[in-house]
Amino acid sequence: MTDPTTLVSNLINELKGQLALSARELKMRDGWDLGCPVMVIDTRQDPKRVIATTIRGVTGVITTSYVIDHPLMRAFMARNKEVGAGQAVTELINAPDGEEFAEVWESYVKERDERGLACWSHDDAAKFASKSKKAFEDGCLACVAITEGDEGDDVGVLTFQVKSEWLTQ
């Protein structure tokens, strides 16, 4: 992945017109709620996919997982980077917490098969909702960028905010 600061700067400048529509809508709101507009930008394809949604709708736009935050899934992901998925699953199933890992793994596989590979967890989405409230208070539009992952990650996720006044000039 490119340097995050450079990537965000480039996205803001390139997509200013598309971001401005949501910024105008945001400026008309009296207060923050789950219906506040946010932007999701998928940078993994060309042209970039830009989706205007709401805080409530962001988990419908970005594939979100209930289990990737589980400590055993985190252990799997770390081990996967070192030895690959097959070996990591075998090791964790044969570990002392193997039975619990098997249940978590089954949930993960079911999620992945039904909804696709998750970009973030529901906990990440909740943290973004909190960030969007702070962004609203600062007069900013909250954004999420889905990027190519680095160091063995399938995807990367960047959250940032942009001044609504600047976007609507």
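Questions and answers on the fold and its cavities follow.

Guide: This is a predicted model, where local features need pLDDT of at least 70, side-chain atom pairs count only at pLDDT 80 or more, and totals for chains, interfaces and linings use all residues. Residues are numbered from 1 along each chain as its sequence is written, and side-chain values use heavy atoms, with hydrogens and water left out.

Visitor: How many helices and strands does the protein have?
Guide: Helices (H or I, at least four residues) and strands (E, at least two) are DSSP runs, numbered from the N terminus. The order from that end is α-α-β-β-α-β-α-α-α-β-α-β-β-α. The count is eight helices and six strands.

Visitor: What percentage of the residues is buried?
Guide: Buried means under 20% relative accessible area, with a 1.4 Å probe and protein chains only. The protein has 169 residues. The buried share is 39%.

Visitor: How many cavities of 30 Å³ or more does a search of the whole structure find?
Guide: On a 1 Å grid over the protein atoms alone, a cavity is a set of points where a 1.4 Å probe fits but cannot get out; lining residues have an atom within 4 Å of a point. Grid points are joined across faces, edges and corners, and a volume is the space filled by probe spheres set on the points. The number found is two.

Visitor: Which element gives the largest share of the lining of the largest cavity?
Guide: The lining includes Thr63, Thr64, Ser65, Tyr108 and Glu111. Two elements give two or more residues each, β3 (64-65) and α6 (98-115). The largest share, four residues, comes from α6.

Visitor: How does the lining of the largest cavity divide by class?
Guide: Ala, Val, Leu, Ile, Met, Phe, Trp, Tyr, Cys and Pro count as nonpolar, Asp, Glu, Lys and Arg as charged, and the others, Gly among them, as polar. Among the lining residues are Arg112, Arg115, Gly116, Leu117 and Ala118. The division is three nonpolar, four polar and three charged.

Visitor: How many charged residues line the second largest cavity?
Guide: Its lining includes Leu26, Trp32, Val38, Ile55, Ser132 and Phe136. β1 (37-42), α7 (122-137) and β5 (140-148) each supply at least two lining residues. Nine lining residues are nonpolar and one is polar. The charged count is none.

Definitions and conventions. 1 Å grid on protein atoms, 1.4 Å probe; cavity = no way out; pocket = protein on both sides within 12 Å on 5 of 7 lines; lining within 4 Å. Buried < 20%, exposed > 50% of the residue type's maximum accessible area, 1.4 Å probe, protein only.
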